[in-house]
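I keep these entries as a record of what I looked up, in the order in which I looked it up.

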There are 2 protein chains.
Amino acid sequence: MKIVGFKETTVPISSNIQNAYINFSHMDVSLLALITDIKRDGKPVVGYGFNSNGRYAQSWLLKERFLPRLNQASPTEILNNEGSNFDPSKIWDILMMNEKPGGHGERSVAVGIIDMAIWDLVAKIEEKPLYQLLSERYNNGKYESKIFVYAAGGYYYPGKDLLQLENEIKRYLDLGFNVVKIKIGGVSLKKDLQRIEKVLSLLGKGQKLAVDANGRSDLKTAQTYAQMLSEFDLMWYEEAGDPLDFELQKELCQYYDGAMATGENLFSLQDARNLIRYAGLRPEKDFLQFDCALSYGLVEYLRILEMLKAHHWSLQRLIPHGGHQLSSHICAGLGLGGNEAYPEVFTPFGNFPDNYDVVDGHIRLTETPGIGFENISELYKLMQSLT
Amino acid sequence: MKIVGFKETTVPISSNIQNAYINFSHMDVSLLALITDIKRDGKPVVGYGFNSNGRYAQSWLLKERFLPRLNQASPTEILNNEGSNFDPSKIWDILMMNEKPGGHGERSVAVGIIDMAIWDLVAKIEEKPLYQLLSERYNNGKYESKIFVYAAGGYYYPGKDLLQLENEIKRYLDLGFNVVKIKIGGVSLKKDLQRIEKVLSLLGKGQKLAVDANGRSDLKTAQTYAQMLSEFDLMWYEEAGDPLDFELQKELCQYYDGAMATGENLFSLQDARNLIRYAGLRPEKDFLQFDCALSYGLVEYLRILEMLKAHHWSLQRLIPHGGHQLSSHICAGLGLGGNEAYPEVFTPFGNFPDNYDVVDGHIRLTETPGIGFENISELYKLMQSLT
């Protein structure tokens, strides 16, 4: 059993949207296929991986640094003890060989891409949907076949006005979402207030709004926003300040009584642990958004989950960034709180399986072996064009 | 005044050495030349940059993400207000456009490489050695034309025995170094103790040994080592545990009375600030080793210096990792405590100017405009082969 080849390409996901920190005019992602010598129905089993939006493609790191290590590894270094499947944890050690500690960015994305493809392979080889495999290995066989999802959107873009925002949010609600998220911090507080009030006016019973500042604000601005936001009953107030400014987060948690969310820009166990140690987050109300596809993959994410349990956090407080199906499987198999979804941007990487609809804010998972990218026709077409 | 082109290449600095964490068998660095339309003696003024060892070349990030932003910038976006020179800070903002916060690795190296080349250009255009320019801009004109340097070596490699270590250290002392550094944590404590005792037996009055665990140890191991090390009068005990495990560092600082050193694997203002906030380091005795060539360059390093001053740290506590001449200029111009040097590895990137000798643990800087790579013939030959 071995990986006999890989294909890799960079796919633009550029658009004219922007958050308070960056625009996405040059955004792209890496798409990877790992091809094995195992056959199912006469065809080689292929695992697919890609990274989430916001951190660019990692073609060079994949091809020049990490995939060569995988290629050069012996079978005992990458297979389980029985030799019956790939071992994601052993593979992780191979990938991270001769990497110094610290400096968790970019390479964490490259490793995340490979890790996603490996888990897709592992579950395909066991002929199970990944959530089932994860639940058997790490959660006493318990899983949910449908999960909470929320609609992330409400980006800024040139010329976008309140009417366009209103129409966008209506579309999300019509699709079946109960929680929607919009950006804040990229225009004046007054204009953001209008945007928030507009969206809130559209929501019915059981429906909620989350707001996301994308790490833009200093403490004073974040507090000013917090004061404004505390008038409303929000799902959460996300990434108020720099993701590594734990002091700012701590002060805000003391100042703002509503739920807060952060973590999408922390890419390692060590950084996640520092957030938990220092940022004063409240396990009874706040949300953690670590995204395995940017953070050394599920192998590292499992370590983060262990760390969180040791700090008495419920995994229900985890709703990852990124809107990809790997997080949906982790959520279903290990009991996270939900997953992000991007109904109108970053397609097809965030698409749901074809003909699967959001019902009352939840989506079902398919029973296809692996992560099930094969059920997302637009995405799978892209994947097939690789191999 | 503009940058009319760039040349970039990857240079292997591989060797069979290893520290407690990685081996350097595939290590490489990026070398960059930025070519301007300014002429001196009929030739274009060229700025050179490269990264320090340990974090690999960054060819793709340079060519695909960061240099295109520089190329596409207008003159007002990259020149000072008078239009008489490049503005490193404005250029930094251009480079970091559309980069999300957090995730400080790899890209911090790529930006560091460009930043080094920019400062080389800026000082060449002002026809001053960089340390003088820095002292005028940021240190009331004060500078030292010679700086403390120490010899980093004592790596592990296959077959290396105590006699070889002894000979290596003798060579450093013969070269004029007063402080030498060796690796620990890669073999048993007993063997490390033998190595330490061997080196200490070679040292005379005013000479000291530093030891470096390269982030390998957990708390218990680090404490065991600390107990052993506390028998000796060492220069410092470096990177005992994971660079982001500030709790471990804090516990060790309470446990170990000798000087400690860390920071080479923290690559941003935010990470450096967290170290100062949380790691319990002692401003009266510990050392900080942030390396601008891995950490978004001197523009970010200047922010780190401001942060340290605000936390009442003397800049004398800074002795950067990396052994490159940019840190020597920063040290001379801004009053840092010294610089690392690698007399026998990573050549020619850590070489001193030709015919400049270490005297009593110090080295003089040349008066050549810029960083003065032109005085290091082996390195400059490599640089010239680029353009």
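Before I note a distance between domains, I record that the domain bounds come from an automatic or database domain assignment. The model I am reading is predicted.

**Entry: domains of chain A.** I looked up the division of chain A and found domain 1 (3–127) and domain 2 (137–377). Taken over C-alpha atoms, the centres of domain 1 and domain 2 of chain A are separated by 24 Å. I then turned to the boundary between them, where 31 residues of domain 1 of chain A are in contact with 35 residues of domain 2 of chain A. On the domain 1 side, the elements giving two or more residues are strand 3 (43–50), helix 3 (88–95) and helix 4 (107–125) of chain A, and helix 4 of chain A supplies the largest share, 10 residues. I also noted the make-up of that domain 1 side, which divides into 14 nonpolar, 12 polar and five charged residues.

**Entry: strand 4 of chain A.** Next I asked how many of the seven residues of strand 4 (residues 146–152) of chain A are buried. The count is six, so strand 4 of chain A is largely enclosed by the rest of the structure. I went through its partner strands in turn. Strand 11 (residues 362–364) of chain A runs antiparallel to strand 4 of chain A and is joined to it by three bridges, with K146(A) standing opposite R364(A). Strand 10 (residues 339–341) of chain A runs parallel to strand 4 of chain A, again with three bridges, and there V149(A) has N339(A) as its bridge partner. Strand 5 (residues 179–183) of chain A is also parallel to strand 4 of chain A, through two bridges, and A151(A) stands opposite V180(A).

**Entry: a sheet in chain B.** I moved to chain B and looked up an open sheet of three strands, whose order is 1-2-3 with antiparallel pairing. Strand 1 (3–12) and strand 3 (43–50) of chain B stand at the edges with a single partner strand each, so one side of each has no neighbour in the sheet. From one strand to the next the twist averages 25°. Strand 2 (residues 28–40) and strand 3 of chain B are joined by seven bridges, and among the paired residues I noted L34(B), whose partner in strand 3 of chain B is G47(B). I then checked which helices cover these strands: helix 4 (residues 107–125) of chain B lies across strand 2 and strand 3 of chain B, at about 145° to strand 3 of chain B, while helix 13 (residues 377–386) of chain B touches strand 1, strand 2 and strand 3 of chain B and makes about 70° with the direction of strand 2 of chain B.

**Entry: the two chains together.** Finally I compared the copies. Chain A can be laid on chain B by a turn of 180° and a shift of 0.0 Å along the axis, with an RMSD of 0.0 Å, and the two copies are thus related as by a two-fold rotation axis. Which residue of chain A comes closest to the rotation axis? I found G105(A), with its C-alpha at 2.2 Å.

At the interface, 35 residues of chain A are in contact with 35 residues of chain B. Helix 1 (59–72), helix 9 (246–255) and helix 10 (269–278) of chain A each supply at least two residues of the chain A side, and helix 10 of chain A gives the largest share, five residues. That side divides into 11 nonpolar, 13 polar and 11 charged residues.

Note on methods
Residues are numbered from 1 along each chain as its sequence is written. Chains are lettered from A and ligands numbered from 1 in the order in which they are written. This is a predicted model: local features need pLDDT of at least 70, side-chain atom pairs count only at pLDDT 80 or more; totals for chains, interfaces and linings use all residues. Two residues are in contact if their C-beta atoms, placed from the backbone, lie within 7 Å. Helices (H or I, at least four residues) and strands (E, at least two) are DSSP runs, numbered from the N terminus. Ala, Val, Leu, Ile, Met, Phe, Trp, Tyr, Cys and Pro count as nonpolar, Asp, Glu, Lys and Arg as charged, and the others, Gly among them, as polar. Two strands pair if DSSP finds at least two bridges between them. Axes are lines fitted to C-alpha atoms, for helices over the stretch in contact, and angles run from 0 to 180 degrees between N-to-C directions. Copies are superposed by least squares on the C-alpha atoms of residues with pLDDT of at least 70 in both. A residue is buried if 20 or more other C-beta atoms lie within 10 Å of its own, exposed if 12 or fewer, and partly exposed in between; C-beta atoms are placed from the backbone.
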